[in-house]
Amino acid sequence: MSDPSGIHPRRVWSSLWLSVGALYFLLPLAATFLFSLHGRKGGLSFVAYAHVFADPQFSRTFLFSLEMAAATIAAGLVLMVPTALWVHLRLPRVRPLIEIFTLLPFVIPPIVLVFGLIRVYSRPPLILVSSPVLLVAGYVVLSFPYIYRTVDTGLRAVDLRVLTEAAQSLGARWLTTLFRVVLPSIKVALLSAAFLTFSVVVGELTLAVMLAWPAFGPYMALVGRDLAYEPAALAIISFLLTWGSLLLIQSFSRGLKGTTAGGVH
């Protein structure tokens, strides 16, 4: 039977739980934002944000993390995209094993990972403990679940075998097929993997601290130890960076889908 008022009970409960979830998420964020505005006595102001942006360590650490994020994205995509392609085309039976591997960074704590990296790469023949290469390698491991699963989802959304066979039947070599057929078909997945990796690297703390690199995560922890209102401002800035990345994913996805739809005749 339908409700005479025209309001379905499921919609009421869905709206209720959605509102509860939104309040649970937004109230702490709003409280943090209001607290960050109390940096000056007698009223609300953005003085805490001004202090953060005026601190030379803010720009220095953020630029360093930005560089590490770019290197991690490049290295991660170079490693994961061919791996995912090979699994899809040649070794589909290995996919469950690879998916188990993608869960390991969630199971193994970063502190265990970084101690293993230090122990292995602080002695000959590869002494990398003082090189940013080791930090990027650790970031690639932490980003492995996000990069691989995102690329894997993108490849599942297209008929990869048909695309590659059609390209090869027309005389295209493997690299031509990769760069002109496969990668343009999974642009959205690649962008999603890039922005998710950026969010992971910018907020990471353990690897940067233990390897003694001036990254953005340790800077936020240091500010939180010594100051009161600036950490709240940094938390809001970090939140905006993360959600800005997600919004960019959405906007790029819509733009690419619109371009693809408009280009089909």
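Predicted model: local features only at pLDDT ≥ 70, side-chain atom pairs only at ≥ 80, totals over all residues.
Colleague: At what angle do helix 3 and helix 6 pack, and how far apart are their axes?

Modeller: The angle is about 45 degrees, and the axes of helix 3 and helix 6 (residues 132–157) are 7 Å apart.

Colleague: What do you call that orientation of helix 3 and helix 6?

Modeller: Helix 3 and helix 6 count as oblique to each other, because angles under 35 degrees would be roughly parallel and 65 to 115 roughly perpendicular.

Colleague: Which classes of residue are in the contact of helix 3 with helix 6?

Modeller: There are 21 nonpolar residues, five polar and two charged in that contact.

Colleague: What about helix 3 and helix 9, at what angle do they pack?

Modeller: Helix 3 (residues 56–89) and helix 9 (residues 187–203) pack at about 140 degrees, and their axes are 9 Å apart. Roughly antiparallel needs an angle over 145. Helix 3 and helix 9 are therefore oblique to each other.

Colleague: Is the crossing of helix 3 and helix 9 left-handed or right-handed?

Modeller: Helix 3 passes helix 9 in a right-handed crossing. On the helix 3 side, the residues in contact include Phe-62, Leu-66, Ile-73 and Val-81. On the helix 9 side, they include Leu-190, Ala-194, Phe-198 and Val-201.

Colleague: How many charged residues are in the contact of helix 3 with helix 9?

Modeller: There are no charged residues in it; the contact has twelve nonpolar and three polar ones.

Colleague: Next pair. How do helix 7 and helix 8 pack?

Modeller: Helix 7 (residues 160–169) packs on helix 8 at about 140 degrees, with the two axes 10 Å apart. That makes helix 7 oblique to helix 8. The crossing of helix 7 and helix 8 is right-handed.

Colleague: Which residues make the contact between helix 7 and helix 8?

Modeller: Helix 7 supplies Leu-160, Leu-163, Thr-164, Ala-167 and Gln-168. Helix 8 supplies Trp-174, Thr-177, Val-181, Val-182 and Ser-185. By class, the contact of helix 7 with helix 8 has six nonpolar residues, four polar and no charged ones.

Colleague: You listed Thr-177. Is Thr-177 buried or exposed?

Modeller: Thr-177 lies in helix 8 (residues 174–185). Its relative accessibility is 0%, so Thr-177 counts as buried, the cut-off being under 20%.

Colleague: And what is Thr-177 in contact with, leaving aside its neighbours within four places in sequence?

Modeller: With those neighbours left aside, Thr-177 is in contact with Thr-164, Ala-167, Gln-168, Ala-172 and Val-182.

Colleague: Switching to rings. How many aromatic pairs does the structure hold?

Modeller: The structure holds 13 aromatic pairs. One of them is Phe-58 with Phe-216, an edge-to-face pair with 5.7 Å from centre to centre and 70 degrees between the planes.

Colleague: Where do Phe-58 and Phe-216 lie?

Modeller: Phe-58 is in helix 3 and Phe-216 is in helix 11 (residues 216–226), so the pair ties together parts that are 158 residues apart in sequence.

Colleague: Phe-58 and Phe-216, buried or exposed?

Modeller: Phe-58 counts as buried at 10% relative accessibility. Phe-216 is also buried, with a relative accessible area of 0%.

Colleague: Which residues are linked into a cluster by ring pairs?

Modeller: The cluster is made of Phe-53, Phe-58, Phe-62, Phe-216 and Tyr-219.

Colleague: Now the loops. Where is Trp-213?

Modeller: Trp-213 is in the loop between helix 10 and helix 11. Leaving aside neighbours within four places in sequence, the contacts of Trp-213 include Leu-135, Phe-64 and Pro-218.

Colleague: What about Ala-212, where is it placed?

Modeller: Ala-212 is in the loop between helix 10 (206–210) and helix 11. Ala-212 has a positive phi of about 60 degrees although it is not a glycine. At a relative accessible area of 65%, Ala-212 is exposed.

Colleague: Last one. Which peptide bond is cis, the one from Pro-124 to which residue?

Modeller: The bond from Pro-124 to Pro-125 is cis, with omega near 10 degrees. Pro-125 is found in the loop between strand 1 (122–123) and strand 2 (126–127).

Key: Residues numbered from 1 in each chain as written. Heavy atoms only, no water. Axes fitted to C-alpha atoms, helices over the stretch in contact; angles between N-to-C directions. Helix = DSSP H or I, 4+ residues; strand = E, 2+ residues; numbered from the N terminus. Left-handed = near helix turned anticlockwise from the far one by under 90°. Contact = heavy atoms within 4.5 Å. Nonpolar A, V, L, I, M, F, W, Y, C, P; charged D, E, K, R; others polar. Buried < 20%, exposed > 50% of the residue type's maximum accessible area, 1.4 Å probe, protein only. Phe/Tyr/Trp six-rings, centres within 6.5 Å; stacked < 30°, edge-to-face > 60°.
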